[in-house]
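I opened my notebook to get to know a structure that was new to me. Here is what I looked up, entry by entry.

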Amino acid sequence: MKKMFSILLVGIIAAGIMAGCNSSVDSGSKSNGDDVVIDFFHRWPNEPRKSFYDQKIKEFEESHPGVTINVDSVLNDSYKEKIRVLVSNDGLPEIFSSWSDSFAENLVSSGRIKELNDIMNENTEWSGSILESQYAGFTFDDSTYGIPFTVDGKAFFYNKEIFEKNNIKVPKTYDELVDVLEQLKSAGYETPVVEGLTNAWAISHYLGTIFDRVVDPEVREADYNLESDTPYTDEGYIRGLEIFQELTGFMGDVSTAIDHEAARNMFAAGEVPILYMQFAEVGLVQDIGDVDIGFFNFPEVTDGAGRADSLTGAPEGWMLSKDAPKEAVEFLKFLTSEETAQEFTKADGQLNAVKNGVTEENTSPTSYEAYQIVLDAASTSPWFDNAVDITIADIFMRGGQELATKQKKPEDIMKEVQKEAAKKSE
């Protein structure tokens with residue numbers, strides 16, 4: 001493993017989190033005579049996904065007499081905290097959702113996650129139905145610990161009508177992007193690009209992509225994994241923070257006061273021409289307004305040492321606790337079947353990692369276009385806040401907010417990052 005498993009702030013958060021837990025999630029697998037109880041934990045308590053999974057549980061229980069599935073769900077940040085507490089106390093549910101890459105790797109480092117190679121080899125028709133490219137984020141030391149289910153990517157959504165009306169071309173370089181933003185301001189859009197900067201994760205998505213453009217990939221990987229002798233000293237990080245700060249100058253004061261959902265609503269209403277969003281948000285935009293959506297990747301930074309056209313985004317998937325019973329394995333296969341995948345995308349709009357799970361029939365033309373962008377990506381970069389040590393990610397995310405409000409300079413943030421990285425590398 002590249003990283004040792006660490007539990008963050010457990011002493012502070014454990015009491016509050018555990019008090020709010022469904023007791024069934026924490027108690028492990030239970031047997032009542034011949035009956036089996038499976039605890040199922042995911043991060044989607046909101047509609048439509050909550051009802052989708054409630055219905056899938058009902059269907060599985062009806063087809064598997066004697067199996068009861070207890071479900072619990074909380075939103076993103078709470079989910080991250082809670083799953084860390086559960087794995088530290090050997091209280092993992094039998095099946096649960098997980099981000100890929102470093103987030104999954106840290107869980108695997110606990111030694112409490114089921115290795116899936118044998119299960120996959122026993123049923124290659126099932127395991128082979130998953131897009132092969134999506135397994136990498138759940139595979140460590142040649143062992144796979146998660147089955148990918150959703151896929152996603154991050155791109156600039158733009159209002160095609162506004163671009164066409166003002167004769168604006170899609171930018172291919174960062175300098176051209178700045179020119180586009182200036183043209184939009186001249187056309188009367190005081191805030192040509194917007195973001196909800198009160199959401200730290202939204203800042204992390206920007207920074208992760210920008211660093212991928214301006215920092216040499218080998219240097220960046222060594223820094224992210226704290227394997228460098230002098231971590232985070234590359235000048236590309238300063239350049240990346242300067243780029244982010246320059247972009248926030250086009251976002252207006254409103255961006256420092258709103259969250260990403262509010263920013264998305266502004267784009268959907270046609271109030272702002274550009275917003276950096278996940279493809280999973282296409283349906284949410286279409287539900288609100290009637291914007292003709294176009295996409296362009298974060299453009300190449302011509303003087304950058306990084307990758308010019310990688311796509312930020314990563315799959316999410318399902319993991320099993322080490323001692324999960326065979327019934328939990330069957331539920332995992334049920335959740336990642338072609339039938340479930342097709343129903344999922346039709347109901348939720350989210351793209352999935354199952355072959356034939358996304359079709360022109362079960363999704364909108366715009367979402368299908370986004371799906372092709374994910375499939376055609378030459379390379380991908382994981383979400384920044386899942387790719388680096390969480391303490392270091394927090395410094396960058398908080399620093400991004402301070403850059404937007406001009407409270408700090410890029411050099412100030414990097415000094416703090418370097419100090420923390422050096423401490424963790426000791």
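**Entry 1: what a pairing is.** Before reading any partners, I noted that two strands pair if DSSP finds at least two bridges between them. I also reminded myself that I am looking at a predicted model.

**Entry 2: the sheet.** I started with an open sheet of four strands, in the order β9-β10-β8-β11 and with mixed pairing. Its edge strands are β9 (193–194) and β11, each of which pairs on one side only.

I then followed β8 to its partners. Strand β8 joins strand β10 (residues 274–278) through five bridges, and the two run antiparallel.

Entry 3: Which way do the residues of strand β11 point? I saw Ile293 and Phe295 pointing one way, and Gly294 and Phe296 the other way.

**Entry 4: a residue in helix α12.** Next I looked up Thr248, which has its place in helix α12 (residues 235–248). Thr248 counts as buried because its relative accessible area is 9%, and buried means under 20%. From Thr248 to Val194 I noted 8.2 Å, C-alpha to C-alpha, although 54 residues separate them in sequence.

**Entry 5: salt bridges.** How many salt bridges does a search of the whole structure find? The search gives 21. My reminder here was that side chains of opposite charge can pair when their charged atoms come close. I picked out a few.

- Asp54 and Lys50 meet through their side chains in a salt bridge, 2.9 Å from N to O. Both lie in helix α3 (residues 49–63), four residues apart, which is about one turn of the helix. Asp54 is partly exposed at 29% relative accessibility, and Lys50 is partly exposed at 32%.
- Glu132 and Lys355 form another salt bridge, 2.8 Å from N to O. This pair links distant parts of the chain, 223 residues apart: Glu132 sits in the loop between α7 (124–127) and β5 (139–140), and Lys355 in the loop between α16 (338–348) and α17 (365–376). Lys355 is partly exposed, with a relative accessible area of 28%.
- Glu281 and Arg264 meet in a salt bridge of 2.9 Å, N to O.

**Entry 6: a negative patch.** Last, I turned to charge on the surface. Which residues gather in a patch of negative charge there? I listed Asp175, Glu176, Asp179, Glu182 and Glu246. Helix α9 (residues 174–186) gives the largest share of the patch, four residues. Glu182 is found in helix α9, and I noted Glu182 as partly exposed, at 41% relative accessibility.

How values were computed. Residues are numbered from 1 along each chain as its sequence is written. This is a predicted model: local features need pLDDT of at least 70, side-chain atom pairs count only at pLDDT 80 or more; totals for chains, interfaces and linings use all residues. Side-chain values use heavy atoms; hydrogens and water are left out. Patches are made of residues with over 30% relative accessible area and no salt bridge: like charges are joined within 9 Å, nonpolar side chains (Val, Leu, Ile, Met, Phe, Trp, Tyr) within 5 Å. Accessible areas come from the Shrake-Rupley method with a 1.4 Å probe; for residues, only the protein chains shown count as cover. A salt bridge is a side-chain nitrogen of Lys or Arg within 4 Å of a carboxyl oxygen of Asp or Glu. Lys and Arg count as positive and Asp and Glu as negative; His and the chain ends are not counted. The place of a charge is taken as NZ of Lys, CZ of Arg, CG of Asp or CD of Glu. Buried means under 20% relative accessible area, exposed over 50%, partly exposed in between (1.4 Å probe, protein chains only).
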